[in-house]
Amino acid sequence: MKHSYLNNKSVDEAQREYFELTDKIGFTCKAEEVLVNQAFGRVTAYAVYAKISSPHYNASAMDGICVTASSTYGASEENPVVLTKNMYETVDTGDAIPDGYDAVIMVEDLIENGSDSFVIHSAVHPWQNIRQVGEDICQGDMLVPAFTTLTPAMCASLLAGGVTRVGVVKKPLVGIIPTGDEIVEPCENPKSGEIIEFNSTVFSGMLLEKGASVKVYDIVRDEKPLLKTALKKAASECDLVLISAGSSAGRDDYTSEIIEEAGTVLTHGIAIKPGKPAILGACGNTPVIGLPGYPVSAIVVMSQFVLPLVDMYFKRAVDTGEYVQATLGKRIVSSLKYAEYVRVTLGKIGDRLIATPLNKGAGIITSFTKADAILFINQNCEGIEQGTQVRVRLLKSINEIESSLVVTGSHDPLIDEIANILKMNATPVLIKSNHVGSMGAITALKSGLSHLGAIHLLDTQTGEYNTSYLEKYFDGEVTLVKGVKRVQGIMVKKGNPLNIRGIEDLKQARIVNRQRGSGTRILLDYLLKKHSILPGEISGYSNEEFTHTAVAALIKADNADAGLGIYSAAAMYGLDFIPVCCEEYDFVVDNRFINDEKVKAFFDVLKSDEFNKRINELGGYEVRE
């Protein structure tokens, strides 16, 4: 290979060295002036002082009359004082107090005494009901210190203090260069081999949230001269440049070379997973970072290097996030070579926060959309056992996490439909579903890791569903709630080119299977045994997926000829479907949560006409009583 990683630096060492380099080359804030009424969210470049006092004159705080306080002394219920026309002037709230007066009597305390005089029954003291000069702001007061993010209230105080223009930190312009022969602009129908370019959208959003400006350049093909030209242009126009992809060691990965030739590469290869291929360098006085092409890898590098760099540009403390303690819901195996960032979902089960790891693939962008927190695993750690107390960094608010209902077990699109209906009805309950199969649901419930379990477990001795499993594994700790009847069958390509009619025909097909412990896998094994077919006789038997839609997608893509699944998944992908059986897809509730408002909300939707209408549209379901 023509490339090799230069380093395998620890995250801490790579950060320290790179931040020292960026400081040395002058990646630091610059100032500009903007109108205060356009400065919300900007960061002050220096301290701002009031040019005038607020109020800048003595102002009436009430509607009423202004008087000399001494003229009211002695007034009482028994000894009222009469104020004649020459003793007062009428004022409204905000009016300037005329010279010679030092108090205001509000209109509610005045009793008319003819056309031009008033009777009062209590005295006022000097400056009562008057906003004196400088009550809020005094000329020369510091209104906002340097490097402070301006809030709406701060902007109002600046205007009140006579400041109409304010010096703010000029937003750093970050250039993003997407690269790759296979990368295309977002579209609805990419061709085979084309990858939609969405990384720049992710990076842009992260940078905009931090207060930076962003310029996304056109996609550059994997040709070294084109890449060099693009880097040179971006480095001359931007304060920081990000190159998306090309940082690994493939034959068309030129990012390290072009940065080295244009300036310097400080680090290529960090002991971080995902994110190892990251490149930290500079082109002249412009920091340049080569991000891995896989989105999750790139997001990790963004969070560890790019965003802290922007924080330092604005002279603010690097955001270390909020951390909480949680119980690990599933064992994690880790590499000794890298520090690892694992995306997890969180749910509060009883008095414990349960952290469930998501798919660790570097290209699985949905693992970040679903993640509630990040679990950091130190380098030289082999992994963490289930049940261990771990410290996780929150990505979402703890209130949102505590509003989550954890549903573990068999996959079905109807759970997503329930979650959507809850959202549409403005119910504060969020569904967190973990697709680990029906037996996985039982394990999770027994371990106290879930509120609900979704199961469809066939008793191969009696032909009944679910009840015998609950009797075997539980002793009254759970309740079975009837869900839906749904049609299971064989999904095949449109037109059924292999003319598959039943389970016995699977011997001539490439199948995609469900994972061990899933109800669909148990059903398939039962049907194979019934037809005297050994698993080894089925091509693809060990090719496992975790959802019905994943099975359907692989058949649609011609990665397999057939797979057992539900009708709604086949209909979703335009596949033909050979019914095999009608099964019972039910829910198991931990009795501790039978009266929990989140659980009640879930089952309210399950019983609703709205839900019934939606699953009829999907097809292949029947709601059970």
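Reader: Hi! Where is Pro-55 found?
Author: Pro-55 is in the loop between strand E2 (48-49) and strand E3 (59-60). Helices (H or I, at least four residues) and strands (E, at least two) are DSSP runs, numbered from the N terminus.

Reader: Which residue does the cis peptide bond join to Pro-55?
Author: Ser-54 is joined to Pro-55 by that cis bond, with omega about -5°. Lys-273 and Pro-274 are also joined by a cis peptide bond, and omega there is about -5°. Pro-274 sits in the loop between strand E19 (272-273) and strand E20 (279-283).

Reader: Thanks! Before I go on, what kind of model is this?
Author: This is a predicted model, where local features need pLDDT of at least 70, side-chain atom pairs count only at pLDDT 80 or more, and totals for chains, interfaces and linings use all residues. Residues are numbered from 1 along each chain as its sequence is written, and side-chain values use heavy atoms, with hydrogens and water left out.

Reader: Good to know. What about phi at Phe-147?
Author: Phe-147 is not a glycine, yet its phi is positive, about 55°. You'll find Phe-147 in the loop between strand E11 (142-144) and H2. Its relative accessible area is 30%, so Phe-147 is partly exposed; buried means under 20% relative accessible area, exposed over 50%, and partly exposed in between (1.4 Å probe, protein chains only).

Reader: How many Å separate the C-alpha atoms of Ser-157 and Gln-389?
Author: They are separated by 47 Å, and the two residues are 232 residues apart along the chain.

Reader: Switching to Thr-356: buried or exposed?
Author: Thr-356 is buried, because its relative accessible area is 17%. Thr-356 belongs to strand E25 (residues 352-357). Leaving aside neighbours within four places in sequence, Thr-356 is in contact with Arg-343, Val-344, Thr-345 and Asn-434.

Reader: How many disulfides does the structure hold?
Author: The structure holds 0 disulfides, a disulfide being a pair of cysteine sulfur atoms within 2.5 Å. As for cysteines, Cys-66 is buried, with a relative accessible area of 0%, while Cys-138 is partly exposed at 34%.

Reader: Nice. Zooming out, how many helices and strands does the chain have?
Author: The chain has 16 helices and 37 strands. Its C-alpha trace spans about 115 × 70 × 45 Å along the principal axes. Buried residues make up 50% of the 625 residues.

Key. Contact means heavy atoms within 4.5 Å.
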